[in-house]
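Here are some notes for a colleague who is opening this structure for the first time. They are set out as numbered points, to be read with the structure in view.

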Amino acid sequence: MVEPRVYQALNQPVVSHLDPYFFQVVEDCRELLRQYFATENAFTLAMSGTGSAGMQTAVANFVEPGAKFLVLANGYFADRMSEMGRRQGARVSRLERPWGQGFDQAEVCEVIRRERPAVVGFVQAETSTGVYQKSEFICQAAHEVGALVIADCVTSLGAMPVEVDANGIDIAYSCTQKGLSCPPGLAPVTVSPRAMEWLKARQTTPADWYLDLKLLADYYEGAHRYHHTAPISLFYALREGLVAIAEEGFDARLARHKRAHLAFVAGIEAMGLSMLVEEGKRIWNLNTVRVPPGVDELAVRKRLLVASDIEILGGFGPLAGQIFRIGIMGPLAKEESVTLLLGALEQALREEGYQVPRSGVEAAKEVFDSQPATV
Ligand SMILES: Cc1ncc(COP(=O)(O)O)c(C=O)c1O
(Lines give C-alpha, C1' and ligand atoms only; values in the text may rest on other atoms or scores of the structure.)
Protein backbone atom coordinates (compact mmCIF):
# COMPACT_ATOMS: atom_id res chain seq x y z
CA MET A 1 0.00 0.00 0.00
CA VAL A 2 1.35 3.40 -0.98
CA GLU A 3 1.37 5.94 1.86
CA PRO A 4 -1.44 8.49 1.24
CA ARG A 5 0.99 11.42 1.65
CA VAL A 6 3.14 9.91 -1.11
CA TYR A 7 0.23 10.27 -3.56
CA GLN A 8 0.17 13.97 -2.74
CA ALA A 9 3.87 14.28 -3.47
CA LEU A 10 3.25 12.73 -6.91
CA ASN A 11 0.96 15.67 -7.64
CA GLN A 12 3.65 18.33 -7.30
CA PRO A 13 4.76 20.39 -10.34
CA VAL A 14 7.36 18.68 -12.45
CA VAL A 15 10.67 20.54 -12.88
CA SER A 16 13.38 19.76 -15.39
CA HIS A 17 15.76 16.86 -14.97
CA LEU A 18 18.63 19.40 -14.69
CA ASP A 19 16.89 21.75 -12.26
CA PRO A 20 18.83 22.41 -9.01
CA TYR A 21 15.61 21.67 -7.12
CA PHE A 22 15.51 18.19 -8.61
CA PHE A 23 19.09 17.52 -7.56
CA GLN A 24 18.20 18.64 -4.04
CA VAL A 25 15.39 16.09 -3.99
CA VAL A 26 17.84 13.45 -5.21
CA GLU A 27 20.33 14.37 -2.47
CA ASP A 28 17.61 14.09 0.18
CA CYS A 29 16.74 10.63 -1.13
CA ARG A 30 20.38 9.56 -1.13
CA GLU A 31 20.88 10.69 2.45
CA LEU A 32 17.82 8.84 3.75
CA LEU A 33 18.53 5.73 1.68
CA ARG A 34 21.99 5.53 3.28
CA GLN A 35 20.32 5.46 6.68
CA TYR A 36 17.91 2.66 5.77
CA PHE A 37 20.53 0.60 3.97
CA ALA A 38 22.62 1.23 7.13
CA THR A 39 25.66 2.33 5.16
CA GLU A 40 28.17 5.12 4.85
CA ASN A 41 28.54 4.41 1.12
CA ALA A 42 28.91 7.71 -0.73
CA PHE A 43 27.62 6.03 -3.89
CA THR A 44 23.99 5.48 -2.98
CA LEU A 45 21.42 6.30 -5.62
CA ALA A 46 17.99 5.48 -7.01
CA MET A 47 18.14 4.06 -10.54
CA SER A 48 15.33 4.81 -12.99
CA GLY A 49 13.52 1.51 -13.26
CA THR A 50 11.97 -1.13 -11.01
CA GLY A 51 13.77 -3.58 -8.73
CA SER A 52 14.94 -5.60 -11.73
CA ALA A 53 16.80 -2.50 -12.96
CA GLY A 54 18.63 -2.55 -9.63
CA MET A 55 19.54 -6.18 -10.23
CA GLN A 56 20.69 -5.42 -13.74
CA THR A 57 22.72 -2.43 -12.53
CA ALA A 58 24.57 -4.69 -10.12
CA VAL A 59 25.18 -7.43 -12.65
CA ALA A 60 26.02 -5.20 -15.63
CA ASN A 61 28.52 -3.07 -13.74
CA PHE A 62 30.19 -5.65 -11.51
CA VAL A 63 30.01 -8.96 -13.38
CA GLU A 64 32.35 -8.82 -16.36
CA PRO A 65 32.05 -11.09 -19.38
CA GLY A 66 34.06 -14.23 -18.66
CA ALA A 67 34.12 -13.62 -14.88
CA LYS A 68 33.06 -16.38 -12.52
CA PHE A 69 29.75 -15.42 -10.90
CA LEU A 70 28.55 -17.64 -8.05
CA VAL A 71 24.84 -17.35 -7.34
CA LEU A 72 23.29 -18.79 -4.18
CA ALA A 73 20.14 -20.13 -5.77
CA ASN A 74 17.10 -20.98 -3.65
CA GLY A 75 14.26 -19.19 -5.40
CA TYR A 76 12.87 -17.36 -8.40
CA PHE A 77 14.80 -14.11 -8.02
CA ALA A 78 18.15 -15.85 -7.58
CA ASP A 79 17.33 -17.59 -10.87
CA ARG A 80 16.74 -14.19 -12.45
CA MET A 81 20.13 -13.03 -11.19
CA SER A 82 21.78 -16.12 -12.70
CA GLU A 83 20.05 -15.44 -16.01
CA MET A 84 21.24 -11.83 -16.03
CA GLY A 85 24.77 -13.06 -15.34
CA ARG A 86 24.51 -15.52 -18.21
CA ARG A 87 23.35 -12.78 -20.57
CA GLN A 88 26.29 -10.59 -19.53
CA GLY A 89 28.58 -13.41 -20.63
CA ALA A 90 29.70 -14.42 -17.14
CA ARG A 91 30.62 -17.98 -16.18
CA VAL A 92 27.71 -18.59 -13.82
CA SER A 93 27.95 -21.28 -11.20
CA ARG A 94 25.21 -22.00 -8.71
CA LEU A 95 25.01 -23.32 -5.20
CA GLU A 96 21.45 -24.65 -5.08
CA ARG A 97 19.08 -25.25 -2.19
CA PRO A 98 15.43 -26.31 -2.34
CA TRP A 99 12.97 -23.39 -2.47
CA GLY A 100 12.01 -22.47 1.10
CA GLN A 101 15.40 -23.19 2.64
CA GLY A 102 18.30 -20.87 3.42
CA PHE A 103 22.06 -21.32 3.14
CA ASP A 104 24.29 -22.38 6.02
CA GLN A 105 27.74 -21.05 6.74
CA ALA A 106 29.70 -24.27 6.21
CA GLU A 107 28.38 -25.03 2.72
CA VAL A 108 28.71 -21.41 1.53
CA CYS A 109 32.30 -21.08 2.79
CA GLU A 110 33.29 -24.42 1.30
CA VAL A 111 31.94 -23.56 -2.16
CA ILE A 112 33.38 -20.04 -2.19
CA ARG A 113 36.84 -21.30 -1.17
CA ARG A 114 36.70 -24.03 -3.79
CA GLU A 115 35.25 -22.01 -6.68
CA ARG A 116 36.99 -18.68 -5.95
CA PRO A 117 34.42 -16.59 -7.86
CA ALA A 118 34.95 -12.96 -8.83
CA VAL A 119 31.44 -12.07 -7.64
CA VAL A 120 28.96 -13.76 -5.31
CA GLY A 121 25.25 -12.96 -5.64
CA PHE A 122 22.44 -13.83 -3.26
CA VAL A 123 18.91 -12.74 -2.35
CA GLN A 124 18.55 -11.39 1.18
CA ALA A 125 14.75 -11.65 1.17
CA GLU A 126 13.52 -14.19 -1.40
CA THR A 127 9.97 -13.13 -2.20
CA SER A 128 9.12 -16.36 -3.98
CA THR A 129 9.68 -18.43 -0.82
CA GLY A 130 9.68 -16.14 2.25
CA VAL A 131 13.30 -16.91 3.24
CA TYR A 132 15.46 -14.19 4.82
CA GLN A 133 19.13 -15.01 4.32
CA LYS A 134 21.74 -14.08 6.94
CA SER A 135 24.45 -12.24 5.05
CA GLU A 136 27.57 -11.65 7.12
CA PHE A 137 29.22 -15.05 6.66
CA ILE A 138 28.60 -14.93 2.90
CA CYS A 139 30.38 -11.58 2.64
CA GLN A 140 33.24 -12.69 4.88
CA ALA A 141 33.90 -15.82 2.84
CA ALA A 142 33.65 -13.87 -0.43
CA HIS A 143 36.05 -11.19 0.76
CA GLU A 144 38.57 -13.84 1.80
CA VAL A 145 38.90 -14.82 -1.87
CA GLY A 146 38.73 -11.22 -3.11
CA ALA A 147 35.18 -11.49 -4.48
CA LEU A 148 32.58 -8.72 -4.52
CA VAL A 149 29.13 -9.46 -3.06
CA ILE A 150 25.81 -8.48 -4.64
CA ALA A 151 22.74 -8.67 -2.39
CA ASP A 152 19.15 -8.44 -3.59
CA CYS A 153 17.37 -6.39 -0.92
CA VAL A 154 14.22 -5.73 -2.95
CA THR A 155 11.87 -7.05 -0.29
CA SER A 156 13.93 -6.32 2.83
CA LEU A 157 14.65 -2.57 2.55
CA GLY A 158 12.35 -0.54 4.81
CA ALA A 159 10.79 -3.54 6.56
CA MET A 160 13.69 -5.71 7.77
CA PRO A 161 17.34 -5.06 8.65
CA VAL A 162 19.50 -4.82 5.51
CA GLU A 163 22.67 -3.71 7.35
CA VAL A 164 24.87 -3.19 4.32
CA ASP A 165 28.00 -2.08 6.22
CA ALA A 166 27.69 -4.43 9.19
CA ASN A 167 27.24 -7.39 6.86
CA GLY A 168 29.92 -6.27 4.41
CA ILE A 169 27.68 -6.21 1.32
CA ASP A 170 29.41 -4.52 -1.63
CA ILE A 171 26.45 -3.86 -3.91
CA ALA A 172 22.87 -3.83 -2.60
CA TYR A 173 19.80 -2.96 -4.62
CA SER A 174 16.12 -2.65 -3.84
CA CYS A 175 12.83 -1.26 -5.12
CA THR A 176 10.43 1.45 -4.01
CA GLN A 177 7.15 -0.47 -4.01
CA LYS A 178 7.66 -2.86 -1.12
CA GLY A 179 9.13 -1.89 2.25
CA LEU A 180 9.33 1.80 1.30
CA SER A 181 5.58 2.06 0.53
CA CYS A 182 6.03 4.11 -2.66
CA PRO A 183 4.90 3.45 -6.23
CA PRO A 184 7.12 1.19 -8.35
CA GLY A 185 9.62 2.82 -10.71
CA LEU A 186 12.90 3.48 -8.90
CA ALA A 187 15.58 1.06 -7.73
CA PRO A 188 17.75 2.22 -4.81
CA VAL A 189 21.31 0.98 -5.18
CA THR A 190 24.30 1.36 -2.86
CA VAL A 191 27.92 0.53 -3.68
CA SER A 192 30.83 0.11 -1.23
CA PRO A 193 34.05 2.13 -1.68
CA ARG A 194 35.79 -1.18 -2.37
CA ALA A 195 33.40 -1.96 -5.23
CA MET A 196 33.70 1.61 -6.56
CA GLU A 197 37.49 1.18 -6.68
CA TRP A 198 37.00 -2.03 -8.62
CA LEU A 199 34.61 -0.28 -11.02
CA LYS A 200 36.99 2.61 -11.64
CA ALA A 201 39.70 0.10 -12.56
CA ARG A 202 37.38 -1.93 -14.83
CA GLN A 203 38.79 -1.99 -18.35
CA THR A 204 35.72 -3.24 -20.26
CA THR A 205 32.61 -1.13 -20.84
CA PRO A 206 29.36 -2.51 -19.34
CA ALA A 207 27.05 -3.83 -22.04
CA ASP A 208 24.19 -1.74 -20.60
CA TRP A 209 24.57 1.93 -21.44
CA TYR A 210 21.46 3.00 -19.51
CA LEU A 211 22.58 1.51 -16.19
CA ASP A 212 26.28 2.36 -16.48
CA LEU A 213 27.15 3.73 -13.02
CA LYS A 214 30.15 5.71 -14.23
CA LEU A 215 27.91 7.65 -16.62
CA LEU A 216 25.24 8.04 -13.95
CA ALA A 217 27.78 9.40 -11.48
CA ASP A 218 28.41 12.23 -13.96
CA TYR A 219 24.70 13.01 -14.02
CA TYR A 220 23.81 12.76 -10.34
CA GLU A 221 27.09 14.01 -8.91
CA GLY A 222 29.48 16.82 -9.75
CA ALA A 223 28.99 18.00 -13.31
CA HIS A 224 25.28 17.04 -13.56
CA ARG A 225 25.89 16.15 -17.18
CA TYR A 226 22.69 15.00 -18.92
CA HIS A 227 22.41 11.23 -19.09
CA HIS A 228 18.68 10.49 -19.27
CA THR A 229 15.50 12.32 -18.31
CA ALA A 230 14.96 11.12 -14.76
CA PRO A 231 11.37 10.38 -13.65
CA ILE A 232 11.00 13.52 -11.52
CA SER A 233 7.64 12.68 -9.92
CA LEU A 234 8.88 9.31 -8.74
CA PHE A 235 11.74 11.02 -6.94
CA TYR A 236 9.22 13.35 -5.24
CA ALA A 237 7.29 10.27 -4.17
CA LEU A 238 10.38 8.48 -2.95
CA ARG A 239 11.52 11.44 -0.90
CA GLU A 240 8.11 11.72 0.74
CA GLY A 241 8.06 7.99 1.51
CA LEU A 242 11.54 8.15 3.00
CA VAL A 243 10.67 11.19 5.11
CA ALA A 244 7.55 9.41 6.38
CA ILE A 245 9.80 6.56 7.53
CA ALA A 246 12.13 9.02 9.27
CA GLU A 247 9.17 10.56 11.07
CA GLU A 248 8.00 7.18 12.28
CA GLY A 249 11.58 6.23 13.22
CA PHE A 250 13.37 3.54 11.29
CA ASP A 251 13.81 1.20 14.25
CA ALA A 252 10.18 1.66 15.25
CA ARG A 253 9.17 0.79 11.70
CA LEU A 254 11.15 -2.44 11.73
CA ALA A 255 9.72 -3.31 15.14
CA ARG A 256 6.20 -2.68 13.81
CA HIS A 257 6.79 -5.10 10.95
CA LYS A 258 8.23 -7.74 13.26
CA ARG A 259 5.31 -7.43 15.65
CA ALA A 260 2.74 -7.73 12.85
CA HIS A 261 4.61 -10.78 11.55
CA LEU A 262 4.72 -12.51 14.94
CA ALA A 263 1.04 -11.85 15.50
CA PHE A 264 0.22 -13.15 12.04
CA VAL A 265 2.22 -16.35 12.59
CA ALA A 266 0.48 -16.92 15.94
CA GLY A 267 -2.85 -16.56 14.15
CA ILE A 268 -1.86 -18.94 11.38
CA GLU A 269 -0.67 -21.59 13.82
CA ALA A 270 -3.81 -21.27 15.93
CA MET A 271 -5.79 -22.00 12.78
CA GLY A 272 -3.89 -25.27 12.42
CA LEU A 273 -1.82 -24.02 9.49
CA SER A 274 1.98 -23.93 9.23
CA MET A 275 4.60 -21.62 7.81
CA LEU A 276 6.78 -22.86 4.94
CA VAL A 277 10.01 -21.40 6.34
CA GLU A 278 11.49 -22.41 9.68
CA GLU A 279 11.43 -19.89 12.52
CA GLY A 280 14.34 -17.47 12.53
CA LYS A 281 14.67 -17.53 8.72
CA ARG A 282 11.39 -15.86 7.87
CA ILE A 283 10.85 -12.55 6.13
CA TRP A 284 8.63 -10.41 8.38
CA ASN A 285 6.83 -8.62 5.58
CA LEU A 286 6.36 -11.55 3.19
CA ASN A 287 4.79 -14.54 4.88
CA THR A 288 4.54 -17.93 3.23
CA VAL A 289 1.89 -20.28 4.58
CA ARG A 290 1.43 -23.91 3.52
CA VAL A 291 -1.90 -24.63 1.86
CA PRO A 292 -3.59 -27.35 3.94
CA PRO A 293 -4.10 -30.72 2.20
CA GLY A 294 -7.24 -30.92 0.10
CA VAL A 295 -7.72 -27.13 -0.10
CA ASP A 296 -7.72 -25.38 -3.48
CA GLU A 297 -5.28 -22.48 -3.10
CA LEU A 298 -6.66 -20.47 -6.01
CA ALA A 299 -10.25 -20.83 -4.79
CA VAL A 300 -9.28 -19.45 -1.36
CA ARG A 301 -7.51 -16.48 -2.90
CA LYS A 302 -10.50 -15.75 -5.15
CA ARG A 303 -12.84 -15.80 -2.17
CA LEU A 304 -10.61 -13.37 -0.29
CA LEU A 305 -10.50 -11.01 -3.21
CA VAL A 306 -14.20 -11.08 -4.01
CA ALA A 307 -15.60 -11.13 -0.48
CA SER A 308 -13.05 -8.94 1.30
CA ASP A 309 -11.06 -7.02 -1.33
CA ILE A 310 -7.90 -8.63 0.04
CA GLU A 311 -5.31 -9.80 -2.46
CA ILE A 312 -2.78 -12.42 -1.47
CA LEU A 313 -0.59 -14.40 -3.83
CA GLY A 314 0.10 -18.06 -4.45
CA GLY A 315 3.34 -19.96 -4.91
CA PHE A 316 4.95 -20.58 -8.25
CA GLY A 317 7.67 -22.79 -9.70
CA PRO A 318 8.21 -25.77 -7.39
CA LEU A 319 5.84 -24.20 -4.84
CA ALA A 320 2.88 -23.74 -7.22
CA GLY A 321 -0.38 -24.58 -5.43
CA GLN A 322 1.47 -25.32 -2.18
CA ILE A 323 1.71 -21.95 -0.44
CA PHE A 324 -0.01 -18.63 0.07
CA ARG A 325 2.33 -15.61 -0.11
CA ILE A 326 1.05 -12.83 2.08
CA GLY A 327 2.56 -9.35 2.10
CA ILE A 328 2.14 -7.48 5.39
CA MET A 329 4.09 -4.27 4.99
CA GLY A 330 4.08 -0.49 5.11
CA PRO A 331 0.84 1.06 6.39
CA LEU A 332 -0.74 -2.43 6.48
CA ALA A 333 1.67 -3.84 9.08
CA LYS A 334 -0.66 -3.10 11.98
CA GLU A 335 -3.20 -4.83 14.20
CA GLU A 336 -6.38 -3.88 12.32
CA SER A 337 -5.01 -5.18 9.01
CA VAL A 338 -3.60 -8.41 10.42
CA THR A 339 -6.80 -9.30 12.25
CA LEU A 340 -8.94 -8.33 9.25
CA LEU A 341 -6.83 -10.56 7.04
CA LEU A 342 -6.87 -13.51 9.45
CA GLY A 343 -10.63 -13.28 9.90
CA ALA A 344 -11.21 -13.18 6.14
CA LEU A 345 -8.77 -16.04 5.53
CA GLU A 346 -10.47 -18.14 8.19
CA GLN A 347 -13.82 -17.55 6.52
CA ALA A 348 -12.49 -18.38 3.05
CA LEU A 349 -10.83 -21.58 4.29
CA ARG A 350 -14.04 -22.70 6.03
CA GLU A 351 -15.99 -22.15 2.84
CA GLU A 352 -13.43 -24.34 1.05
CA GLY A 353 -14.08 -27.16 3.53
CA TYR A 354 -11.17 -26.67 5.94
CA GLN A 355 -11.99 -27.16 9.65
CA VAL A 356 -10.41 -24.28 11.59
CA PRO A 357 -9.54 -25.56 15.10
CA ARG A 358 -9.16 -22.16 16.81
CA SER A 359 -9.63 -18.52 15.92
CA GLY A 360 -6.51 -16.99 14.42
CA VAL A 361 -7.78 -13.51 15.23
CA GLU A 362 -7.77 -14.15 18.99
CA ALA A 363 -4.26 -15.62 18.90
CA ALA A 364 -2.96 -12.64 16.92
CA LYS A 365 -4.59 -10.19 19.33
CA GLU A 366 -2.83 -11.89 22.23
CA VAL A 367 0.51 -11.23 20.56
CA PHE A 368 -0.34 -7.61 19.84
CA ASP A 369 -1.33 -7.19 23.50
CA SER A 370 1.82 -8.83 24.85
CA GLN A 371 4.47 -7.47 22.46
CA PRO A 372 5.72 -3.90 22.95
CA ALA A 373 4.73 -1.56 20.12
CA THR A 374 8.28 -0.25 19.76
CA VAL A 375 11.79 -1.57 20.29
C1 LIG B 1 13.53 -10.44 -4.37
C2 LIG B 1 13.13 -9.70 -5.61
N3 LIG B 1 14.08 -9.33 -6.49
C4 LIG B 1 13.79 -8.67 -7.61
C5 LIG B 1 12.48 -8.33 -7.92
C6 LIG B 1 12.18 -7.59 -9.18
O7 LIG B 1 11.63 -6.35 -8.88
P8 LIG B 1 10.63 -5.61 -9.90
O9 LIG B 1 9.46 -6.50 -10.09
O10 LIG B 1 10.32 -4.33 -9.16
O11 LIG B 1 11.39 -5.37 -11.15
C12 LIG B 1 11.45 -8.69 -7.04
C13 LIG B 1 10.06 -8.38 -7.33
O14 LIG B 1 9.15 -8.79 -6.66
C15 LIG B 1 11.79 -9.38 -5.86
O16 LIG B 1 10.85 -9.74 -5.00
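1. Ala 38 is found in the loop between α2 and β1 (43-48), and in this predicted model its phi is near 60 degrees, a positive value in a residue other than glycine. Most residues other than glycine have a negative phi. With a relative accessible area of 24%, Ala 38 is partly exposed.

2. A second residue of this kind is His 224, which has a positive phi of about 50 degrees although it is not a glycine. His 224 lies in the loop between α9 (213-220) and α10, and its relative accessibility of 29% counts as partly exposed.

3. Which residues come nearest to the ligand? Of the 14 residues around the ligand, those that come nearest are Thr 50, Ser 52, Thr 127, Asp 152 and Lys 178. Sorted by class, the shell around the ligand holds 5 nonpolar, 6 polar and 3 charged residues. Helices α3 (51-62) and α4 (76-87) each supply at least two residues of this shell, and the largest share, 3 residues, comes from α3.

4. Several atom pairs can be inspected at the ligand itself. An N or O atom in the side chain of Thr 127 is 2.4 Å from an oxygen atom of the ligand, while a backbone N or O atom of Gly 51 lies 2.9 Å from an oxygen atom of the ligand. On the side chain of Asp 152, an N or O atom is 2.6 Å from a nitrogen atom of the ligand. The ligand on its own has 390 Å² of accessible area, and the protein covers 87% of this.

5. A search of the whole structure finds 28 salt bridges, and one of them joins the side chains of Arg 239 and Asp 28, at 2.6 Å from N to O. Because Arg 239 lies in helix α10 (residues 232-248) and Asp 28 in helix α2 (residues 20-37), the pair ties together parts that are 211 residues apart in sequence. Asp 28 counts as partly exposed, at 24% relative accessibility.

6. The salt bridge between Glu 83 and Arg 86, whose closest N and O atoms are 2.9 Å apart, lies within a single helix: the two residues are 3 residues apart in helix α4, and are therefore separated by about one helical turn.

7. Asp 170 is buried, with a relative accessible area of 2%, whereas Arg 194, with a relative accessible area of 34%, is partly exposed. Elsewhere, salt bridges that share partners join Lys 68, Glu 110, Arg 114 and Glu 115 into one network.

8. Strand β10 (residues 286-290) deserves a look of its own, as a mostly covered strand in which 4 of the 5 residues are buried. Strands β10 and β12 (residues 323-327) run antiparallel and are joined by 5 bridges, and Arg 290 stands opposite Ile 323 in β12.

9. In strand β9 (residues 186-191) the reader will find Thr 190, which counts as buried because its relative accessibility is 0%. The side chain of Thr 190 makes a polar contact with the side chain of Thr 44, at 2.8 Å.

10. The last point returns to helix α2, where Glu 31 is found. Glu 31 is partly exposed, with a relative accessible area of 41%. How far apart are the C-alpha atoms of Glu 31 and His 261? They are separated by 28 Å, and the two residues are 230 residues apart along the chain.

How values were computed. Residues numbered from 1 in each chain as written. Predicted model: local features only at pLDDT ≥ 70, side-chain atom pairs only at ≥ 80, totals over all residues. Heavy atoms only, no water. Near = heavy atom within 4 Å. Polar contact = N/O pair within 3.5 Å; in protein donor to acceptor, adjacent residues only side chain to side chain. Areas by Shrake-Rupley, 256 points an atom, 1.4 Å probe, with all protein chains shown as cover. Nonpolar A, V, L, I, M, F, W, Y, C, P; charged D, E, K, R; others polar. Salt bridge = Lys/Arg side-chain N within 4 Å of Asp/Glu carboxyl O. Buried < 20%, exposed > 50% of the residue type's maximum accessible area, 1.4 Å probe, protein only. Pairing = 2+ DSSP bridges.
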